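Me: I'd like to go through some charged pairs with you. Can you take my questions one at a time?
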Number of protein chains: 2
Amino acid sequence: MNAQLLISNVLKHISLDDEEKKLFASLFTSKSLRSGEFLIHEGDVCKYESFVVIGCLKAYKEDAEGNEHVLDFLIEEWWADDLYSFLTQTPSKSSVRAIEDTKLLQISKDDLETLYQRVPKFERFFRLLFQKAYIAQREQINQMLSISAEERYIQFLKRKPYALERFPQKDIASYLGVTPQFFSSLKKKVGQLM
Amino acid sequence: MNAQLLISNVLKHISLDDEEKKLFASLFTSKSLRSGEFLIHEGDVCKYESFVVIGCLKAYKEDAEGNEHVLDFLIEEWWADDLYSFLTQTPSKSSVRAIEDTKLLQISKDDLETLYQRVPKFERFFRLLFQKAYIAQREQINQMLSISAEERYIQFLKRKPYALERFPQKDIASYLGVTPQFFSSLKKKVGQLM
């Protein structure tokens, strides 16, 4: 298992000696998903925090008619999980599924508690991570409440400038809450503005 | 300034020696609000995390027609602030206002950073606090998306069983997104069920 990307990500926020790096890496296991495979099914309890080493996933909900509503996209150096389900150990209200072949590094809730006890510096790392998760969630609420699909699309491109290259257009349309047809015209319009 | 309630709240999550308690308390200043006074005006940057020692506040947004939409109620041992504004140091998108005479203890962002540096155990305390804030925010989203006003009201009473005694009925109605008239009939109906 190659934990280099994970460790270099952690080192942006806290310092670790070799012993601590070794312990940290030892608590993770690797998982591979082919494009289309599930990381979490709606209704499952999310047992792991999963760091994306390579690949891309989408988090989404399915409505009663079987339509997907994309909630988020996760790429390298993000944590792909249902954080609410992980923290509360209650059934997940969304699914997470790979949209490219994906490699992840996973830590369980028990091992994360072990990590906090043995290397308290990780309290800081995850304090910062949960702050970011709180901020992202709030931005998503603001986006849900915000004015037009065009504005939502422009905000989305600012946050994820790689979106058009990596995410299926139908998934971006679903994320924005518009039809694929409407998304086509939106893309054309915004493309001319930017 | 009496920091006893604040310190006993912290001691539920981490242990502190006398020196650490003294340092911690020294970083807070006290603030009093009369019922109706503002803690934060929409558009201000939230400069403090504020711990409620006694009293009660509401967080709300005002729409273009001047109608209040209550987002949350804060009582003793809660932190009353716009956390998004505090963390990102951007203008607050909501206001926070006392609905009873209220006493708070406040810490600035700089002093909180000082605290993390000088007593790293506080990383754990605030990591747990931000986890809880994340969870509460997600529950609020789920509630926004959830089925009926009746269901929302029952969930609300489970989370805040003291609500009817402490919060003005018009504020509860606003929080639930119903008219005061509809709330009256809801209260009667749910009262008979519970």
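Me: What makes B:Asp171 buried or exposed?

Reply: B:Asp171 has a relative accessible area of 2%. Buried means under 20% relative accessible area, exposed over 50%, and partly exposed in between (1.4 Å probe, protein chains only), so B:Asp171 is buried. Keep in mind that this is a predicted model, where local features need pLDDT of at least 70, side-chain atom pairs count only at pLDDT 80 or more, and totals for chains, interfaces and linings use all residues. Residues are numbered from 1 along each chain as its sequence is written, chains are lettered from A and ligands numbered from 1 in the order in which they are written, and side-chain values use heavy atoms, with hydrogens and water left out.

Me: Why is the contact of B:Lys58 and B:Asp171 called a salt bridge?

Reply: The term needs a side-chain nitrogen of Lys or Arg within 4 Å of a carboxyl oxygen of Asp or Glu. Here the N to O distance is 3.0 Å, and the pair is a salt bridge. B:Lys58 sits in strand S4 and B:Asp171 in helix H8 (residues 169-176) of chain B, so they tie together parts 113 residues apart in sequence. Helices (H or I, at least four residues) and strands (E, at least two) are DSSP runs, numbered from the N terminus.

Me: How do you know whether B:Lys58 is buried or exposed?

Reply: B:Lys58 has 5% relative accessibility, so it counts as buried.

Me: And what makes B:Lys61 and B:Glu42 a salt bridge?

Reply: Their side chains meet at 3.9 Å, N to O. B:Lys61, at 30% relative accessibility, counts as partly exposed, and so does B:Glu42 at 38%.
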